[in-house]
Each structure stands twice: as structure tokens, then as C-alpha cells.
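Let's take a walk through a protein together.

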Amino acid sequence: MKKIVFVFTILAFYSCNQSLEDKIAGKWNFESVDSKILDVSELRYKNSNVNLSNLLGSSFYETNYLFFQKQKSYRGVLGVYNGIYTDGNWSFNENDSIVSFTENRITKPFLKIKSVSDKELRFNLVSKHPTIVNLMDFVFVKENEELSNSKFDYTQKQFNLWRKAPDEPEDLNQISKRVKQCLEYSVMYLKYNLEQKKSSVSLKEISFLPFNFYDNGIELKESDELQKWDNLFFSNVDALNGREIIRQIIRTDFSLPEDKSGLELNIYILEEIKNRIK
């Protein structure tokens, strides 16, 4: 009994004496955003009943994350909808609680830590020019699993190339490549969750796909459910062509194995579709 108490005492002492820099290390997933915008009269519409705090904290940011590694490298997805992928090195200034990012040899202060614990990271974005985001407190929660030790680390850059939307229309070969990248990322994400033996899997990370997922298979979403899919392409026409590539494959002979769980079956289907895209 004394040994158990002693161990807990050591853990408590270690936790209390961790530096802020040590606490920041890890993968943090978006949870919510608190905004003081409604308290600033010049930044709100008169006589408006719209709750902008709830709007700004909605599904716009749900796939955002920050992955701070102890070796001072970082990876992350930030921004609305599918976000923008970013990676590089990070540094922390304890004097002003600012985390700076170095990407492509350019270092910029990025976020100011408001508070950090073993479970929650709260921060503001740093900007020289006052904007709405300066009034927003972002809240991220810590993910327990260690992605760095997994061969299915879906946060690596090569699996996130699809996040950068094109600046001009793409031909069918380019659209096919983009669709394959989306599917490859999704397969890696689901395989990671399978490896972790999770009892339930959040599908928000792959909600951009034009599918509804079920335990016994998938079905294509209706046209009014494709906003996130459309955002991946230059235009709705290109997005429709990407969906059509998938639809043509699903219409072909597509036999499914019977000895797999719902998660394993979804992995099999996505991987099969990806492999059939020319």
C-alpha cells in the first residue's frame, strides 16, 4: 500500500513540475471556440439574434488539430472546413507564452497560450492587425494515443496533399489523383483507429468523403450533402467529376467479404475503390 501511495506522489510531483513547454507537447484536437465578439458592439449586427459564438465554434473547425512533437517539429491542420496542412518546427517563449512556427525557413509567432493542462489547451491566434480571431479563445483537447509510434500516422504530409485546393480547373487525371489522395488518407485514419482497438471511431475526420458509412457498407451521399467534398476541388464541376469516378467503380462488380467487422469492411471498401482508380 505504501508503494502505491509513493508512486502516486511521484506522479503528482512530476505533473506539477512539468514546464509549460513539456505540457504543450502532444496531439491536440479542436474542441470548441469561445468568442467575446458579441460583447463588442461595433463588431456585431444591430438587433441580431444570431449567436456568433456558436456559429464560429461549429463544424467549421472540427477537423483542426496541432501535433507538437518533443523534438520541436510540428504538424497540424488549421482553418475552416478541411483546413490547411502545415508542418515545420515550433518554439515556445515562456516570457510571453507565445508559440512560434517555423515553416519554409520563416518564423512567425502564431498562438498565445492562455492556459494548458494535461487535458486542455486554450489559446488566441497572434496577429499584428486586430481582427475577429483576436477575440476568439480556441480550446483544444489532448489525444491520448501516440501517433509517432504508429505506422498508420495519418498526420504525415504525404497523406494530406489533398487539403490544398487547386487554383485552376484540373483535368481528369489530376482529379483522379486528388480522389486517390483523399481515399489514402481516409484508409490510414481508419487503420490507425483499428490498430488502437477503439470501441468507437469518430468519422468527422473523413466526413468530407461523398459517403455515408454503415456497418454493412457505404452509400453515396445525395447532392445536397456534398459541401465538404465540393470544397476540395476548384469548382463544383470538378467535384462532380471526382464523385462520378467513385460512382462508376461502385457500380462495377464489387463483392464484399463476410468475415469483417464494420470498421474493417469500410477500410476494405475504401482501399478497393482507391486501387481501382486508374
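Let's begin with some rings. Tyr154, Trp162, Tyr185, Tyr189, Tyr192 and Phe208 form one aromatic cluster. Before going further, a word on what you're looking at: this is a predicted model, in which local features need pLDDT of at least 70 and side-chain atom pairs count only at pLDDT 80 or more, while totals for chains, interfaces and linings use all residues. Residues are numbered from 1 along each chain as its sequence is written, and side-chain values use heavy atoms, with hydrogens and water left out.

Back to the rings. A pair of aromatic rings is described by the distance of the centres and the angle of the planes. Here, rings of Phe, Tyr and Trp (for Trp, the six-membered ring) pair if their centres lie within 6.5 Å; planes under 30 degrees apart count as stacked, over 60 as edge-to-face and the rest as tilted. A search of the whole structure turns up 18 aromatic pairs. One of them joins Tyr154 and Tyr189, an edge-to-face pair with 5.1 Å from centre to centre and 85° between the planes. Tyr154 sits in the loop between β8 (136-142) and α4, while Tyr189 belongs to helix α4, so the pair ties together parts that are 35 residues apart in sequence. Both Tyr154 and Tyr189 are buried. In this text, buried means under 20% relative accessible area, exposed means over 50%, and partly exposed is in between (1.4 Å probe, protein chains only).

Now zoom out for a moment. The protein has seven helices and 10 strands; helices (H or I, at least four residues) and strands (E, at least two) are DSSP runs, numbered from the N terminus. Of the 278 residues in the protein, 41% are buried. Contact means heavy atoms within 4.5 Å. Among contacts between residues at least 6 apart in sequence, 53% join residues at least 24 apart.

Next, follow α4 to its helix partners. How do α4 and α6 cross? The axes of helix α4 (residues 172-195) and helix α6 (residues 236-251) come within 9 Å and cross at roughly 65°. That's why α4 counts as roughly perpendicular to α6. The axes are lines fitted to C-alpha atoms, for helices over the stretch in contact, and angles run from 0 to 180 degrees between N-to-C directions. Angles under 35 degrees count as roughly parallel, over 145 as roughly antiparallel, 65 to 115 as roughly perpendicular and the rest as oblique. The crossing of α4 with α6 is right-handed. A crossing is left-handed if the near helix is turned anticlockwise from the far one by less than a right angle, and right-handed if clockwise. On the α4 side, Leu172, Ile175, Ser176 and Val179 make the contact, and on the α6 side Asp238, Asn241, Gly242, Ile245 and Ile246 do. Sorted by class, that contact has five nonpolar, three polar and one charged residues. (Ala, Val, Leu, Ile, Met, Phe, Trp, Tyr, Cys and Pro count as nonpolar, Asp, Glu, Lys and Arg as charged, and the others, Gly among them, as polar.)

α4 also packs against helix α7 (residues 262-276), at an angle of about 155° and with the axes 9 Å apart. That makes α4 roughly antiparallel to α7. This time the crossing is left-handed. Among the residues that meet here are Leu183, Val187 and Leu190 in α4 and Leu263, Ile267 and Leu270 in α7. The contact of α4 with α7 divides into eight nonpolar, three polar and six charged residues.

Let's move over to the strands. Is Trp90 buried or exposed? Trp90, in strand β4 (residues 84-93), is buried, with a relative accessible area of 4%. Leaving out residues up to four places away in sequence, Trp90 touches several others, including Ile24, Phe68, Tyr74, Val99 and Phe101.

Lys114 lies in strand β6 and is partly exposed, at 42% relative accessible area. With residues up to four places away set aside, Lys114 touches Arg122, Phe123, Asn124 and Asp137.

Finally, check two loops. Tyr81, between β3 (73-78) and β4, has a positive phi near 55° without being a glycine, and at 26% relative accessibility Tyr81 is partly exposed. Arg105, in the loop between β5 (98-103) and β6 (106-116), isn't a glycine either, yet has a positive phi of about 70°. Arg105 is exposed, with a relative accessible area of 84%.
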